[in-house]
Each structure stands twice: as structure tokens, then as C-alpha cells.
Amino acid sequence: MSIVDTSSLRARLDDHTMPSVNREQGQRQVFCGLAGIVWLHRKIQDAFFLIVGSRTCAHLMQSAAGVMIFAEPRFATAILQERDLAGMADCNQELDRVAAEVLERRPDIKMLFLVGSCPSEVIKLDLAKAAERLSETYQDRVRVLDYSASGLETTFTQGEDACLKSLVPVMPELPDGERSLLVLGTLPDVVEDQFKRLFAELGIGPVHFLPPRHATEFPPVGSGTSVLLAQPFVGETLRALYKRGATLLSAPYPLGIEGTLAWLRAAADAWGVSADQVESVTAPAIARAKLGLERQRASLAGKRISFLPDSQLEIPIARFLARECGMELVEVATPFLDRQLMASELALLPPDVRLTEGQDVEHQLDRVRQDRPDITVCGLGLANPLEAEGLRTKWSIELVFTPIHGFDQAADLAELFARPLVRGALLKV
Ligand code: SF4
């Protein structure tokens, strides 16, 4: 295992060994952006997500989140019926009625998201206007925002990007002359707390996280804001933050030991923290992570893996599995490739990796059948047919439901891939 340093990363970026990309277009098989509500509603603890959609949307949310509901959930679907399609006035009245019901029942709610879906797109229901109207009605009590998670516009993780982008206009201004670090992308609280501790020990701060845990804790943004990306699927939010004056600290994503270290180093460089200080602060966590990874590496080294395009986490996770776990990358496919947001990651992939952007699902499945990798990372809908053909799979949705970022989660991340292999080996005996 090699630990990248930011100077060698810059050298890789300057040379021309970046992998080439095959582009594919065709039928896609992915979840829509509504899936993001499952992790966003757990993160922003006083927000409610009101999906304006159909029974299909309600069923998707139930099946995606159903097993994780222990208390009354903070999301619901206002179902558009055929009757509503006849008149827009009916639709708006119905939406106001459902919002009133939700807010009366849940006095703890401080932020209400109206979430657009395919049906609300199709009938051109103006949710921005509805959010404005409801904001006036409930001013001083609840902030009402809107975004679209329609399957016509978004895939799986793009719902988070659309949600976070809707927050940018309401973030307060960072006063001139002040600076701060903004970590962008949802992280589980336990991981956020680990990063907070590391930044504090490095003397980097103030540090804010977007999304915040509460609607009352919006981080400030301005020309003194340096953004570190925790997730690769927040490009639209980043562009909205640029317009507010923020700048990006380029780094690999904090997945695995070397990704996390390079990510922290990017912030340390910007804050003028010495390499020695970074080394001494991170050494105990790196030692723990190495120990944990060693066990998983025994199951993963030399095994072949293919990624179908789904979560946009494919490239950083492939980098981790290849460099720190010794896996062989057969194909790494991603739904979209933002070269700016992936530059530091692409520089760390093997230059001859088969990298695909976009999806033509039938062609991709044909390649998987031909390659017969030891494990294929894919969406829920494709996993069962592949398993039926004797191929081991890993659901990509688990990568956003499980804490995987940071040093202390490196072994857990590797274990997500080791487990199906070990199980497969037992079944063969
Ligand atoms: S938003 Fe569209 S794709 Fe998503 S569940 Fe609703 S109808 Fe289906």
C-alpha cells in the first residue's frame, strides 16, 4: 500500500498518464434522486421532506427507507391524483392543506422541503412559487425550500446535490477578512465528529459542514470560504458556492487511508500547517486503519472488480480498492464524469483502466458476462439477475447508507466488498 503525498499527486496531474474515457449512451437503470431523502432526512434533524408525486414515488421511498424507519419519519408524499391533474388551483390547495397538516403535527420541524418528482414536472407545478407562498404563511416558524428529485432529471445521488444547492441562497454571508473551511456533502455524524477532532488537532478552523445537522446552523459563505468535498456528487452546489465567492481545495475524496490523508493535507496546506504536524496528528488513526485493512486485504488482493455506473462514488472507491486492497479493476463506469472534481482521483487510477462514462445497460451487462469479475458493484435492480447468473454483486446504495469515509472506516469500507466474496467462497464449498 502506498500513501500518496500532495506533491507526488501534483506531479501525476502534470504528466499525461490520465486514463482515457469511453462514453456510452443508451438505456439507464438507476434510482431517481428521491433516494437521497433517506440519508438527508437523517442528517438534517429538524427538516421535513414533502415529496409532491405519485404512488410510485411513495412506494419507492417506502422500499428504499422502510427497513430503517424506527420512529415517525420526516418525509411523506403528497400524492397527485388524476383529479389534481385537471386543475392547477386544486393542486396548490391540496399542497397547502398537506403542508399545514404536517406542520401542525410536527412542531419540531424548522425546514420544509417541497421535493419535485416526475408527475409534478410533467404537470409543470411551480414548486418554487409554492415554497414562496408557504414561506410567507409560516414566516418566523418554518423555512420552506424546493428542489427537484425527478427521475427525468436526476439519478440516485444527484438528489442530494439538488437539495444542497437549494440551501446556498439562504446561507449567511461570511464577513470580509474572515476565513473558514466548508466540508461539502453528507457525512454520518460519527464521521463528521472524527473529522472535527482531526481539524481541531491540526489547528484548522473554523470548520463548517453542509448540510448542517439543524436548520438553525447554516454555515456562512464568502470569499474567505475554502471548500473541501466529502462527496463527489455535489458539483451543482459547488458551482453555486463559487458564485458566493468560495474556492475549492482540490484533493482526492476522504476514502481509505491515502484518500483521507491527502484530503486533510489539502486543508493543512491551505492553513499553513506543517507536514510534521499532519503526520503526528494522523499517525495513531493511520496505524489503527492499517491494522484493520490488513485483514480485509487478505480476502480482496488479486480479486477482479467491475463497477456499473450508479452512485458517482465509483472512481474514488475503485482507487481505494486497487491501491490499498490490491484489487484488479476490470471496468470502472460512472454515470457522469466531472473532470475538475475527479482530477485528483483520475491521477491515482491505473493509466490503462477501462473507464466508462454514461450507461447503455445492455452493453454493460454483456461486458460483465464476458469479463465474469469476482464482484460487480451495481444498483439494486441489476444485482438479482447477475446473482442468478452466478456473479457476486455489491449494491451501490450501501455505499451511501454506510459510514465509509475517514481513517477509522477504511477497514469497514473494504469489508463491504470482502463480505460477498467470503460468502461466495463458503457457498462453493
Ligand atoms: S420521481 Fe419519478 S422516477 Fe422517482 S419514484 Fe417518482 S415517478 Fe418514479
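Analyst: Happy to! Two strands count as paired if DSSP finds at least two bridges between them. Helices (H or I, at least four residues) and strands (E, at least two) are DSSP runs, numbered from the N terminus. Residue numbers start from 1 along each chain as its sequence is written. Keep in mind that this is a predicted model, in which local features need pLDDT of at least 70 and side-chain atom pairs count only at pLDDT 80 or more, while totals for chains, interfaces and linings use all residues.

Let's begin with the overall layout. The sheet is open and has 4 strands, in the order S7-S6-S8-S9, with parallel pairing. Strands S7 (207–210) and S9 (247–248) are at the edges with a single partner strand each, so one side of each has no neighbour in the sheet.

Now look at the pairs. Strand S6 (residues 180–184) is joined to S8 by 5 bridges in the parallel sense, and Leu181 faces Ser226 in S8. From S8, the chain passes through helix H10 (residues 235–243) to reach S9, in a right-handed β-α-β crossover. Right-handed means that, with the strands pointing away from you, the path from the first strand over the helix to the second runs clockwise. Strand S8 (residues 225–229) and S9 run parallel too, joined by 2 bridges, and here Val227 stands opposite Leu248 in S9.

How enclosed is S8 by the rest of the structure? A residue is called buried if 20 or more other C-beta atoms lie within 10 Å of its own, exposed if 12 or fewer, and partly exposed in between, with C-beta atoms placed from the backbone. S8 is largely enclosed, because 4 of its 5 residues are buried.

Most peptide bonds are trans, and most residues other than glycine have a negative phi. Gly205 and Pro206, however, are joined by a cis peptide bond with omega of about -5°; Pro206 sits in the loop between helix H9 (189–202) and S7. Another cis bond links Leu210 and Pro211, with omega about 5°, and Pro211 belongs to the loop between S7 and S8.

Finally, let's follow the chain to two helices. The expected span of a helix is 1.5 Å times one less than its number of residues. Helix H11 (residues 256–270) has 15 residues and should span 21 Å; its end C-alpha atoms are 22 Å apart, so the two values agree. H11 is mostly covered, with 13 of its 15 residues buried, and it is followed by Gly272, which has a positive phi near 70°.

Helix H12 (residues 275–300) tells another story. A straight helix of 26 residues would span 38 Å, but H12 covers only 31 Å between its end C-alpha atoms. Where does H12 have its kink? A kink of about 50° lies at Ala283, shortly before the proline Pro284; the bend at a residue is the angle between axes fitted to the seven residues ending there and the seven starting there. Buried residues of H12 include Val278, Thr282, Ala285, Ala289 and Leu293. Arg295 is also found in H12, but it counts as exposed because it has 12 C-beta neighbours inside 10 Å.
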